[in-house]
Amino acid sequence: MVSITLACLFQVLMAHAQQTALDLDGRPVNPFTIAAGKVVVLVFLRQDCPVSSRYAPVIRRISAQYSREASFWLVYPDRSETPQSIRKYLGDYGYRLPALRDPDRALVQQARAEITPEAAVFDRNRQLVYHGRIDNWYLEFGRARPAPTTHELNNAIQAALTGKPLPQSSVKGVGCYISDLQ
Amino acid sequence: MNSWWRAWMRWTLVLAAAAGMGSVFSRANPRPREQARQTAPQVTFNRDIAPIIFGACASCHQPGEAGPFPLLTYEEVKRHARQIAEVTRARTMPPWLPEPQELRLADEMRLADAQIRTIQEWAEDGSVEGDPADLPPPPRPAEGWRLGKPDLILTAERPLVLAPTGTDTYWNFIFHVPITETRWVKAVEIHPGDKRYVHHANILVDRSRSSRHKEAEPGAGFGGMEIRIESQVFDPDSHMLFWKPGTVPSVEPDGMALRLDKGTDLILNTHMQPSGKTEIIQPSIGLYFTSKPATKFPMLLQLEDDAKLNIPPEQRNFVVTDEFTLPTDVELLAIYPHAHYLGKDIQAFATLPDGSKKTLIHILHWNLSWQAVYRYAQPVLLPKGTTIALRYVYDNSDENPLNPNHPPVRVKAGNRSSDEMCHLWLQVLPVNYDRAQGDPRMRLQEALARHDVANDPRDFEAHYNLAAMEQAKGRLDDATKEYEAALQLRPGDAVANNAMGAALLAAGRPEKAVPYLSQALKTRPDYLEAHYNLGTAYSAESDFEDAAQQLHLVLQLQPDDADAEANLGSALAEMGRFPEAKSHFERALQINPNHSLAKENLEELQRQMSDR
């Protein structure tokens, strides 16, 4: 009984903190209260980060693979990116996922995201299971493997779905630092 | 048979055997101003960082250039401050692979240690903007053609649609050069399409349209990382026409212009990376002409030892070495090392006759993505007897993250990106030579061909090139022996069969030439040169009916071929079909008013017609 109460309280507090994420029409959106019962995946992106952009087909593929079990959101933490420019970007890169602007970095903080691209996976209880790189495709800027050999995002979603623990709850990736943004 | 009839002969050599030629036209990146450590406590953008960024980064990091984001203002730089600190510390940016060396390279894009420290400090201390009065002017925007409006702009007939995802793409665009007479090119400016996605591009000069048959349909272009260009006569490649991000074209020194003849194709070999969305890549090339013909003739030497590339899986340090001793004095102008994804540590050095040893290039962390042609700041004199050595180390283990095979497999030499290569191209200018001894480039080419045959008796191209050298020198017996050796390795090869046929023709043995030429056409039915040579062989055997048929085929494939018109006229004249012969001689002279054979034969024909 006690643990259930605590979990509810936690959710209420989080919901309050998330008021600042906005959809592309400027409405506050809480990705955690939508699609209850699903795992939540936030993917942090930035238009002027080429590594972010090159991941578009990968993100589209994984989100399609888990469309029943996980709710995917693209999150744009850069205040200078307008809804119009984000809409164009979504079209250019063939995304059909909902996008959020996070000008106050509420989701960035919750996900402890540091760079773009970075993924954060929350289980059905809205606990952060993993945040970090999508896979090990990039070694450093301008140096990528022909194909990734580890698949952290996929493993994290599996872990969130099954409750099995992950070896690492965070793996640093290659990308552009969110803290450099205004 | 009338004695007045003569035919012109042509044959085919393969001299430039691989891709990846790069250019003399590389980048004049202004060297960043040296940063003295300031006594002032705080590093600021305006005073300390802007001069470094504007000098070393902004040439690419500006709209329309290769850099994925601009770095022209404080706000733009601050948005990437930690990233810039990281990539400069790791020396991944600016992209410059060679280690510092005594023989200075031109346009070096290497930051000084002090500059890197300054950037770290700035990013750590909050990326402060500073006093606006300290800000230097931003670099001039690099728009349009850097060298002004080109004399001739060629645009790829059909763009490449680059898929959003997948591995790196290697694509070749063929540009037909619409010139009606020989022109001299003093500069080439490559606009690779979209500089953000094209990683490098280089032009190969195809003097005999030998690549067109690789296109699925005309104008379509063709895939492939490494390509082979055939050449008609001894006319070795001379220039490395290379583009990589940051390259700004430069004008060739006086006397070193590139010759372009009518009918020449330029092949743009490009390396692209998918961006995440579909991209349309349509390159163009700007040509700048000069009225001054070439008086200096550099050539490209290719050292390779692909035969030794047989790398077992999990081998972490597979070493390949090769040595070549110069048969004549040269000035080394530029160098272009080339390996694929297993290449790790790449070195070339020269041991001079006095025993002194000089590093020509040393790349400790090879990265194909940033491969480049490096020009020397000053020409490097390498006297006759100098030994040029290469030492390439390959890592075929799983620890090499760029290994295209996971798990690793045995890797040999080849043209696919998952194969390996061990190539070193040198642009050299022969100097101090005795004209009486002939073209020094031929001596270099022959020495290289002998070296390659000795390295690998199973090297088809080495035998072929050696044969071509013997043939060019008129040593036809030696030439046919080497062609035979080449054909034992690849019996069906169209180019080698054609060349063997041409050598036998030149040796006055047309009856022996016919089977080789027929084999060449069996392999490649639209092989213009083989039709031409077969026509010549039939003529020499007085089989003028078949000769005329072959020459008609040549003219179907290449309607403006003056030699074929002239020879067809000759064959028809032999058969007594004078009016037809006359029209073909006239057509030859229409194409080339100075065609001496057509002129002589036409005059002779008119005499004979008036005698009747």
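**Helix packing, sheet and chain contact in the predicted model**

L528(B), H531(B), Y532(B), L534(B), G535(B), Y538(B) and S539(B) of α10(B) are in contact with F544(B), D546(B), A547(B), Q550(B), L551(B), L553(B), V554(B) and L557(B) of α11(B) (C-beta atoms, placed from the backbone, within 7 Å). By class, this contact comprises 10 nonpolar, 4 polar and 1 charged residues (nonpolar: Ala, Val, Leu, Ile, Met, Phe, Trp, Tyr, Cys and Pro; charged: Asp, Glu, Lys and Arg; polar: the others, Gly among them). The structure is a predicted model, in which local features need pLDDT of at least 70 and side-chain atom pairs count only at pLDDT 80 or more, while totals for chains, interfaces and linings use all residues. Residues are numbered from 1 along each chain as its sequence is written, and chains are lettered from A and ligands numbered from 1 in the order in which they are written.

Helices α10 (residues 528–540) and α11 (residues 544–557) of chain B pack at about 160°, with axes 8 Å apart (axes fitted to C-alpha atoms over the stretch in contact; angles from 0 to 180 degrees between N-to-C directions; helices are DSSP runs of H or I of at least four residues, strands runs of E of at least two, numbered from the N terminus).

Chain B also holds an open sheet of 4 strands, ordered β2-β13-β5-β10, with antiparallel pairing (at least two DSSP bridges between paired strands). β2 (152–155) and β10 (258–260) are at the edges, each with a single partner strand, so one side of each lacks a neighbour in the sheet. β2(B) pairs with β13 (residues 284–290) over 4 bridges, and L154(B) stands opposite I285(B).

Between the chains, 23 residues of chain A contact 26 residues of chain B.

How values were computed:
Contact = placed C-beta atoms within 7 Å.
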